[in-house]
Amino acid sequence: MVTVKMKTSGPMNRNSILSINMPEPQSVKNKNTITTLVKNSQSSGPAALHNQQPSSAPQQRYNQSQSNTAQQSSIQVQQNTAQQAHPQLQQYTAQQAHPQFQQNTTQQPYRQTPPRASQQQNIQPALTAGQQNTSAAPIARPVPTLQNKVQKGQKALLSTAALTAVDACFGWNVTDARCDVDVSAFLLGADGKVLGDSWFVFYGQTLSPDQSTRFVAGAGADRELVHIDFKQLNPQIKKIVFVLTINDALADRLHFGMLKDAYVRILDPSGRELVSFLMTDYYNNVISMMIGELYQHNGAWKFNAVGNGVAKDLAGLCALYGVQVL
């Protein structure tokens, strides 16, 4: 039994007990005082119990009922507020209330999104079985000793002395036996175009109209060469562009990634090397290569190591330099 001491002085009667223990009606029914009631109930400890006044059993049950109602209302308000502020808590509460929902969620299979394939450039489509090369690798030819090499983009004077003729000699090796490489020479005027449709030489047209430029196949250590006689060259010709092309490259899906050791060397009439260029860049999306060019500058002939390729066949290059192709 807990002894309750009185805070007021004077005799104690029934009305004084009721006035002390009876809460005011608005303290429970008023929504704004719910939180206050909860705080008061939480703060009530031994000191509060020590200061309570005795009351009758019916009055205690009434007080307990009112306190429980206030606490339940306050807890419900706090729970609703917490769930609104934290949707994850609300979802977790719903899963506890509905085990079937929780079971369906955990039993759903995990679907992993496959990684996106990285894009690759300069990759040709796969060849069909009939297009794939099954023959043995071709025999490579040795590259001649290149004495006066220049780098890609570099320009060099052929000779300080007057030149009467030169030989532009070409060689290469292939990794695919289907690659049939050809050399062409376009004779261009000051506007960068041919003087006419017959002003370029290749295997199908071996001599220029002025008899100055001639195509020769299978010349000694080199695979092909172009002989140029400056004495007979038309004065309107300011540039001669040398191009390597792969025959039927578009139809057979061939490209310069299947070549290696491509070079050009310029020799004087005595066979002495004036300048040379060994290619180092081979691209899968290139089927024609401007390997180098001779051009006239201030009355002297110079060499330019071009080394740039295009995705055009021989017919496309003809159109590029102004040759009409039927």
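1. Seven nonpolar residues, two polar and three charged make up the lining of the second largest pocket. Here Ala, Val, Leu, Ile, Met, Phe, Trp, Tyr, Cys and Pro count as nonpolar, Asp, Glu, Lys and Arg as charged, and the others, Gly among them, as polar. The model is predicted: local features need pLDDT of at least 70, side-chain atom pairs count only at pLDDT 80 or more, and totals for chains, interfaces and linings use all residues. Residues are numbered from 1 along each chain as its sequence is written, and side-chain values use heavy atoms, with hydrogens and water left out.

2. The volume of this second largest pocket is about 160 Å³. A pocket is an open set of points on a 1 Å grid over the protein atoms alone, with protein on both sides within 12 Å along at least five of seven lines; a cavity is a set where a 1.4 Å probe fits but cannot get out, and lining residues have an atom within 4 Å of a point. Volume is the space filled by probe spheres set on the points, which are joined across faces, edges and corners.

3. Which residues line the second largest pocket? They are D182, Y203, T245, I246, N247, D248, A249, L250, A251, D313, L314 and A315. At least two lining residues come from each of β8 (239-246), α8 (249-252) and α9 (314-320). The largest share is that of α8, with three residues. Helices (H or I, at least four residues) and strands (E, at least two) are DSSP runs, numbered from the N terminus.

4. D248, one of the residues lining this pocket, sits in the loop between β8 and α8. Its phi is near 55 degrees, a positive value in a residue other than glycine. Most residues other than glycine have a negative phi. D248 is partly exposed because its relative accessible area is 46% (buried is under 20%, exposed over 50%, partly exposed in between, with a 1.4 Å probe and protein chains only).

5. How many cavities of 30 Å³ or more does a search of the whole structure find? The search finds one. The largest cavity has a volume of about 50 Å³, and R141, P142, V143, G171, W172, N173, A221, D222, R223, D261 and Y263 line it. Two or more lining residues come from β3 (165-174) and from β9 (259-267). The most come from β3, which gives three. By class, the cavity lining has five nonpolar, two polar and four charged residues.

6. D261, among the residues lining the cavity, lies in strand β9. Phi of D261 is near 60 degrees, again a positive value in a residue other than glycine. With a relative accessible area of 28%, D261 counts as partly exposed.

7. Is C169 buried or exposed? C169 is buried, because its relative accessibility is 2%. C318 is buried as well, at 4% relative accessibility. A search of the whole structure finds zero disulfides (a disulfide is a pair of cysteine sulfur atoms within 2.5 Å).

8. Confidence is the last point. The mean pLDDT of the protein chain (the predictor's confidence in each residue, from 0 to 100) is 73, and 58% of its residues reach 70 or more. Over residues 1-58 the pLDDT stays under 50. Residues 85-90 also have pLDDT below 50. Where pLDDT is low, the predicted coordinates should not be read in detail.

Methods: Contact = heavy atoms within 4.5 Å.
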